[in-house]
Amino acid sequence: MRTKVVYILVSSPADYYTEQTVFSMASLRKHNPAAKVSLVCDRETYGSLAGARALVKEMTDEVIVRDFPETIDPKRRSRILKTTLREIVSGDYLFLDSDTVVCRSLEEIDSCDFQLGMAYDCNRKSLLDDSDRDTIERCSKICDASIKGMPYFNSGVILARDTAEVHSFYHEWHKEWDVSQRAGVILDQPALCIANINSGLMIGRLDASWNSQIKYSGGPEKARIIHYFNPSSGLEFHDSPAAFFIFEEIRRHGLKAPYLTELLERPYDALSVLLQIKKDSLGSYCSRDLLVLWFSRPRLFMYLSSLSKFLKSLKF
C-alpha cells in the first residue's frame, strides 16, 4: 500500500479517543502491515501521550504537531486540523477517523482514479431529498442556496491526492467551516457539502465498503472499513458498556488481551455486535468474562442476552 494513512488526535486522559485510535491503528496494521501511518495532533495532546497513552506514538511512522492558542477548545482544534489537513501532510493519503476498524487490505486505494474520494453519509445510495430535512436545514444556516438534490458525503474516511486541485478544495472547505462554526454549526460535513458544490462537485464517490457506517442500514456485507461512530463522545458507560470496557482495557493493558486479538480477526461478526451492546441486555454486566463468553459460546451469549431482556421487561 503506497498511500499513507493519516489519523487526527485531539485527546486528554479524560476521554477515550487515544484508545480508539490505537485500536483502529492495530486493525490497520493487521491487514496492511506495510502501511505508513501519520498522526496529526495538537501540542496539548502530544504532551499528554505519556505512560500507557504513549502506545499511539509507537504505532505511527510520523507524528506531526500543531500549536493552537489556549482559547481554541479541543473540538474546534479537531475540526481545524481536519479541514486544513491537506496543508499539513505531504503526499497522497487516506484519512481515517479514530472510530474506525480496518477489516481487510486497503491497497486498492492506490489505483483509485479520484483526486478526492469519500463515501455517502449514512450508507445512503441517493442524493439529498425531502427526507433529509435536518441536514438541509443545518446547511441552510451557512448557505442561501438549497442543497436538495446534492450529494452529501461522510468525512470519516477521505482519500486525498497531493494535487493543486485538492489543496484548493481544502482551502474552500476550511473557509466554509469557519463560516459554519461562526453560525453555530461546528460539524465539518455541512461545510464539506457546500465546499463540494462551490468546487463543481469535485468529490468522487467511494463505495460504502470504504466507510461502512454500522449505525445505519444498507451497509455492505464485507466492508473494508467499519465506521462505528464515536461512543467516547456524548455517551455514558451504560449506553455502550462493551465499547467503554474495551477502551479501558487498552488504556490499562494495551492490546495484550486475547479477546482484542479476536476482535481484530473477526471484525465483521464481532465488532459491530460488541460495540452496540446496550443497557437493555447483558451490556449492563459487561466484563472481560462476558466478552470471552461471546467469542467462545456465542449461542449461549445470545440466549442469556435474550433472557436478560425478557426478565427486565417483567419489571419485578
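In which handedness of crossing does H7 pass H8? H7 passes H8 in a right-handed crossing; the term means that the near helix is turned clockwise from the far one by less than a right angle, and left-handed means anticlockwise.

Some ground rules. This is a predicted model, where local features need pLDDT of at least 70 and side-chain atom pairs count only at pLDDT 80 or more, while totals for chains, interfaces and linings use all residues. Residues are numbered from 1 along each chain as its sequence is written, and side-chain values use heavy atoms, with hydrogens and water left out. Helices (H or I, at least four residues) and strands (E, at least two) are DSSP runs, numbered from the N terminus.

Back to the helices. H7 covers residues 164–182 and H8 residues 189–198; their axes come within 8 Å and cross at roughly 135 degrees. Axes here are lines fitted to C-alpha atoms over the stretch in contact, with angles from 0 to 180 degrees between N-to-C directions. H7 is therefore oblique to H8, oblique being what remains after under 35 degrees (roughly parallel), over 145 (roughly antiparallel) and 65 to 115 (roughly perpendicular). Contact means heavy atoms within 4.5 Å. On the H7 side, the contact residues include Phe169, Trp173 and Trp177, and on the H8 side Leu192 and Ile194.

The second pair is H1 (residues 17–31) and H10 (residues 258–265), with axes that come within 10 Å and cross at roughly 60 degrees. That makes H1 oblique to H10, and this crossing is right-handed. Phe23, Ala26, Ser27, Lys30 and His31 of H1 meet Leu260, Leu263, Leu264 and Glu265 of H10.

Next, the sheet. It is open, has 3 strands in the order S5-S10-S9, and its pairing is mixed; two strands pair if DSSP finds at least two bridges between them. S5 (100–102) and S9 (212–213) are the edge strands, each with a single partner, so one side of each has no neighbour in the sheet. S9 runs parallel to S10 (residues 225–227), and 2 bridges join them. Ser212 has Ile226 in S10 as its bridge partner.

Most residues other than glycine have a negative phi. Cys122 has a positive phi of about 60 degrees, and so does Asn123, also at about 60 degrees. Are they buried or exposed? Cys122 is partly exposed at 27% relative accessible area, whereas Asn123 is buried at 4%. Buried means under 20%, exposed over 50%, and partly exposed in between, using a 1.4 Å probe and protein chains only.
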